[in-house]
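Please look through this model with me. My notes are set out point by point.

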Amino acid sequence: MKRVFSGVQPTGNIHLGNYLGALKQFVELQEDHECLYCIVDMHAITLPQDPKELKEHILDVASLYLAVGVDPKKSIVFVQSDVPGHAELSWILTCNSYTGELSRMTQFKAKSKNQESAPTGLFTYPVLMAADILLYDTDVVPVGNDQKQHIELCRDIATRINNTRKKTFVIPEGRYLKEGARIMALDDPTQKMSKSAENIHSRISLLDEPSKIKKSIMKATTDSEGIVKFDVENKPGISNLMNIYSVLSGKSLDELEKEYDGKGYGDFKKDLVEVTVEALAPIKARYEEIRHSDELLEILRDGAERANAISVKTMKRVKENFGLGL
Ligand code: TYM
């Protein structure tokens, strides 16, 4: 069975982009893959975090994994810092990566913009991500489009090591969806939907109240043409909303164009509010059930144990191939 690994940062505001780009894939893949889904808390600390809030956010994201349908009987769900192999392998990979390739990462460039000096962790962030993936001999990594460059870097580092010493790593493939891979901000469809944007109406968080969902969608930026037509280049706003509508309802973009032929954006948006509220209601209900349960902690403890057992085997092989330790 092929192995899957992916992770989400516990930084709050998990939104429709995270759901449609990544979490939805997590649920599909667990049916016929061996899956590990991680809450990557060590990635979160590349930027300053309040310790109390971080702990809460870890449990929030874990609960959301389960609420969207990740089944702990089928998948391993765990917290990154509970498995020491991530940090251990990250150092070995750091020694086999180059400042040149890390400097080219667009996310690093964006996050360190206008700073004379940036945290080193922000710079080596993609190396830790490569360690997450390679630690489990991962075949498939389901993510949104924004992670493509990081996945390519992971493949480059792994290939380089395999070519210069004994074959050590499995080379992973990124898995990106056609429609959910890049959900854009509602207030500015040229920017991706993000957890940290200041305007709360730029995103729909999975736990938003129906009234907030309604407000964000009704305010969403479109164009003055009033024709429901998918055309990312010329009509990025309505195209983004159509994408969301399509993935949440299962209707194709063609079907949506036909259904709203002759109707305006108002009708379309009203229906999209309904579709979104309906899709998120069961997630919210399940989240409330699980968030403060003992079951959640048990699932994470058990997950860490199972993940650790796999990682120990990889680390033994890696250390042997690098001549490390006794
Ligand atoms: P993070 O926490 O930023 O995002 C979690 C997942 O959501 C996807 N995503 C989106 N998809 C579509 N549209 C959007 N607007 C959108 N915004 C975010 C992301 O692509 C991601 O799949 N570096 C990763 C976490 C990570 C990881 C890993 C992922 C750490 N180690 C190993 C895979 C494998 C990140 O920051 O994701």
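The points below go from the basis of the model to single residues.

1. Ground rules. This is a predicted model, in which local features need pLDDT of at least 70, side-chain atom pairs count only at pLDDT 80 or more, and totals for chains, interfaces and linings use all residues. Residues are numbered from 1 along each chain as its sequence is written.

2. UniProt, in an unreviewed entry, places a short sequence motif, the 'HIGH' region, at residues 10–18. UniProt positions follow the numbering used here, feature names are shortened, and annotations may be inferred rather than shown by experiment. The span is 33% helix and 0% strand. Its end C-alpha atoms lie 12 Å apart. Helices (H or I, at least four residues) and strands (E, at least two) are DSSP runs, numbered from the N terminus.

3. Helix α4. Which residues of α4 are buried? In this helix, residues 85–94, they are Gly85, His86, Leu89, Ser90 and Leu93. They cover an arc of only 130° around the axis, so they sit on the same side of α4. The arc is that of the directions from the helix axis to the C-beta atoms. A residue is buried if 20 or more other C-beta atoms lie within 10 Å of its own, exposed if 12 or fewer, and partly exposed in between; C-beta atoms are placed from the backbone.

4. Partners of α4. Its buried residues pack against α2 (41–44), α7 (120–134), α8 (148–164) and α13 (294–322). Contact means that the C-beta atoms of two residues, placed from the backbone, lie within 7 Å.

5. A helix crossing. The axes of α10 (residues 236–249) and α12 (residues 265–291) come within 10 Å and cross at roughly 40°. That makes α10 oblique to α12. Axes are lines fitted to C-alpha atoms, for helices over the stretch in contact, and angles run from 0 to 180 degrees between N-to-C directions. Angles under 35 degrees count as roughly parallel, over 145 as roughly antiparallel, 65 to 115 as roughly perpendicular and the rest as oblique. Residues making the contact include Ile238 and Leu241 of α10 and Leu272 and Val275 of α12.

6. Positive phi. Asn114 has a positive phi of about 65°, although it is not a glycine. Asn114 lies in the loop between α6 (106–111) and α7. Asn114 is exposed, with 4 other C-beta atoms within 10 Å. Asp137 also is not a glycine, yet has a positive phi of about 50°. Asp137 is in the loop between α7 and β4 (140–142). Asp137 is partly exposed, with 16 other C-beta atoms within 10 Å.
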